[in-house]
Each structure stands twice: as structure tokens, then as C-alpha cells.
Amino acid sequence: MTIWIDADACPKPCKEILFRAAERAKVDTILVANMRMYVPSSSFIKIVQVEHGPDVADAYIVEHCAPGDLVVTADIPLAARVVREKKALALDPRGKLYDAESVGAALNMRDFMDSLRGSGIETGGAAAFSASDKQEFANALDRFLTRAARG
């Protein structure tokens, strides 16, 4: 099992949690980004820098992830692709785990909100990343790693 991180938009507190988890659980963790960023020295953590461009990091993750992997992303279309095409799971930085049962509803809601914005209706944006979001993410990651360790 590998943890893939859509790293360009992943909040720093989530990356820090992921770095500690990679070491503790001895899980390969790969950040995919189109810019340089810090990763701690570890045999379990590495970064892949892809070219700039729309969805280049997403395409890399979809191409390389495998069934049973975890993809950390706030990008619902990417979450849908890895769940549907690769039989992986996706975890939002706010702690929402997407699987085959939940990703369709999330994608439908995202598309609905996008159509509202496209018609000129102001829908507001996401709330600022909070301490409770960080805790929800850490809890969801811990549950995933515990289940994965049990096989």
C-alpha cells in the first residue's frame, strides 16, 4: 500500500501528519507536485515533481496508484477517478474518506455547485482550514492505517 498526496494544495498541517504517519506505520508516501517543496529525509517519503499544467499531477497519481492505495486530495474529480478506475480510496484534508459508495454523491454535489457558480449564483467558498479539520484528518488517517495493518 502507498499513500499518494496531491501535494500542491494539501494543507501543511496535513502533510506534517502524513510525514509522521509514514514513519510510524512504515508506509511508502509519495507527494506529487508541480513545484518544489520540503520533504523530510526518510526512506518512506519521497516527492515526484511533475510539469506545470492543469491536472498533470492528477494524471500522474491516477496512472501510478494501485488498488488499496490511499490518495490524499481535496480534488473530488481526482478522488472519483482513483476510486472508480483504480479501486483506491481517497481522503480529503478535512477527514472525509471517499470510497465506491460515497464518491458519486460527492462528485454530483461538486458538479451541482459548479453549475450554480457558472450561472452567476454566489455559493461562497470553503471555510478556512481549522484545528478541528486537522483533527478529523488525523483521525480518518489513523482509522485507515489501522484497517490496512489488519489486512
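The following conversation looks at how some labels given to parts of this predicted model are reached.

User: Why is asparagine 34 counted as buried?

Analyst: Asparagine 34 has a relative accessibility of 16%, and because buried means under 20%, asparagine 34 counts as buried. Its place is in the loop between E2 and strand E3 (45–49), and, leaving aside neighbours within four places in sequence, asparagine 34 is in contact with Asp8, Gln49, Val50, Glu51, His52 and Gly53.

User: How do you know that cysteine 14 and cysteine 10 are too far apart for a bond?

Analyst: The sulfur of cysteine 14 is 4.9 Å from the closest cysteine sulfur, which is in cysteine 10, whereas a disulfide needs the two sulfur atoms within 2.5 Å, so the distance is too far for a bond. A search of the whole structure likewise finds zero disulfides.

User: What makes cysteine 10 and cysteine 14 buried?

Analyst: Cysteine 10 has a relative accessible area of 6% and cysteine 14 has one of 0%; since the label requires a value under 20%, cysteine 10 is buried, and cysteine 14 is buried as well.

User: How do you know that the span of H5 agrees with what its residues should give?

Analyst: At 1.5 Å a residue, the 20 residues of H5 should span 28 Å, and the C-alpha atoms at its ends are 29 Å apart, so the two values agree. After H5 comes glycine 151, whose phi is positive, near 90°.

User: Why are the buried residues of H5 said to line one face of the helix?

Analyst: The buried residues of H5 are Asp133, Phe137, Ala140, Leu141, Phe144 and Leu145. Seen down the axis of H5, these residues fall within an arc of 135°, and therefore they line one face. In general, an α-helix has 3.6 residues a turn, so residues three or four places apart point the same way. The face of H5 turned away from this buried side carries the exposed residues Ala131, Ala149 and Arg150.

Note on methods: Residues are numbered from 1 along each chain as its sequence is written. This is a predicted model: local features need pLDDT of at least 70, side-chain atom pairs count only at pLDDT 80 or more; totals for chains, interfaces and linings use all residues. Side-chain values use heavy atoms; hydrogens and water are left out. Helices (H or I, at least four residues) and strands (E, at least two) are DSSP runs, numbered from the N terminus. Buried means under 20% relative accessible area, exposed over 50%, partly exposed in between (1.4 Å probe, protein chains only). Contact means heavy atoms within 4.5 Å. The expected span of a helix is 1.5 Å times one less than its number of residues. The arc is that of the directions from the helix axis to the C-beta atoms.
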